[in-house]
Amino acid sequence: MKLAMAAFTARGAALGRRLAVALTAEGEACSLAVPARLAAELDLPAMDSLADWTAREFARADGLIFVGACGIAVRAIAPHVKDKLTDPAVAAVDEAGRWVVPLLSGHVGGANDLARRIAALTGGQAAVSTATDVNGLFAVDQWAARQGFAIEDRTAAKAISAALLAGETVGFASEFPVEGVLPKGVTAGEANIGFSVTAKTEPLPFETGLRLVPRVLRLGVGCRRGTTEEAIAATVDAALAEHGFSTKAVDGVGTIDLKKDEAGLLAFCAHRGWNLNCYSAEELLRAEGDFTPSDFVKGVTGVDNVCERSAVTGGGQLVIRKRAAGGVTVAAALLPLRLTFE
């Protein structure tokens, strides 16, 4: 997570500094800012104003930590709160570190977990108030967020939590293997309401169903010089639709390094939010498998196939073979995934 922290007093800043060091040591990127009147004295970055700092960090950070009163945090974030699926985690901790309150995006954004981590560092208590947590029940949206799965239907996610709170059994289905036991109240048997982990778009086996989409597809893309973003998007989307895969399942795109400056491909990946990995011809030649050869492609690039080899070079098994249209070739590999609820 990319974390941004604000403290408002010298004592709060001292706690914030300790938290920033500890969270950074745990692998997070954590910054700390204080009001200008304290910055020089404490040798810390100054915030221009709390309103401006909050607006900036709310838009770019994964989590905001306020060291001070909850009221300060609530007033600061109020103009920016929009959607539980996109808002960052927000937590407030008193300057003594006794209480850590997750204020926003407790499950999907991870504020509950963030509060617990901060409390563990301060020796305080996380004041988690979400119903599933209070009752010790499985929270499907929190679990999905921890796995990095896309949540397709928030209404269904709420219905699943409501069913568990009412003591009902919720179904579970997955196209991927599962390790360990299922959570309390969740069954792999028949149920009217349930959730499925799948990269496919096919109907779910529940009357009320929640689709959780893991990012397990690596695309391989080749294209002629000057191919437009629109042409690439049309070919990719058609290939995924033809094979019944969700675009939300895409983890990234691979291609040959000759295309690292291809404007249409760069724009396509940027607009989709997909990382572009560029491989040399030598790296692609080392890919193992049965690929669709092309003498023309080999003559231009030095390798007989770009899209299929690019798809599997990042790992996974080829599930969409070369599809060509509009000067674009696309293939896809499925990455391995094992689920656990522990």
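A residue counts as buried when its relative accessible area is under 20%. Keep that cut-off in hand as you look at this predicted model. F172 has a relative accessible area of 5%, so F172 is buried. F195 has 0% relative accessibility, so F195 counts as buried too.

Now look at the rings of these two residues. The centres of F172 and F195 are 5.1 Å apart. Their planes meet at 45°. Planes under 30 degrees apart count as stacked and those over 60 as edge-to-face, with the rest tilted. The F172 and F195 pair is therefore tilted. Next, find the two residues along the chain. F172 lies in strand β9, residues 170-174. F195 lies in strand β12. The pair therefore ties together parts that are 23 residues apart in sequence.

The whole structure holds 10 aromatic pairs. Another of them joins F138 and F195. Here the centres are 5.7 Å apart, and the angle between the planes is 25°. This pair is stacked. F138 sits in the loop between α6 (131-134) and α7 (140-147). Its partner F195 is in strand β12, which spans residues 193-197.

Step back to the wider group. F138, F172 and F195 belong to one aromatic cluster, which also includes W143, F149 and F341.

Finally, turn to a ring with a charge. The charged end of K200 sits over the ring of F245. The distance from that charged end to the ring centre is 4.9 Å.

Note on methods: Residues are numbered from 1 along each chain as its sequence is written. This is a predicted model: local features need pLDDT of at least 70, side-chain atom pairs count only at pLDDT 80 or more; totals for chains, interfaces and linings use all residues. Side-chain values use heavy atoms; hydrogens and water are left out. Rings of Phe, Tyr and Trp (its six-membered ring) pair if their centres lie within 6.5 Å; planes under 30 degrees apart count as stacked, over 60 as edge-to-face and the rest as tilted. Helices (H or I, at least four residues) and strands (E, at least two) are DSSP runs, numbered from the N terminus. Buried means under 20% relative accessible area, exposed over 50%, partly exposed in between (1.4 Å probe, protein chains only). A charge sits over a ring if NZ of Lys or CZ of Arg is within 6 Å of the ring centre and within 35 degrees of the ring normal.
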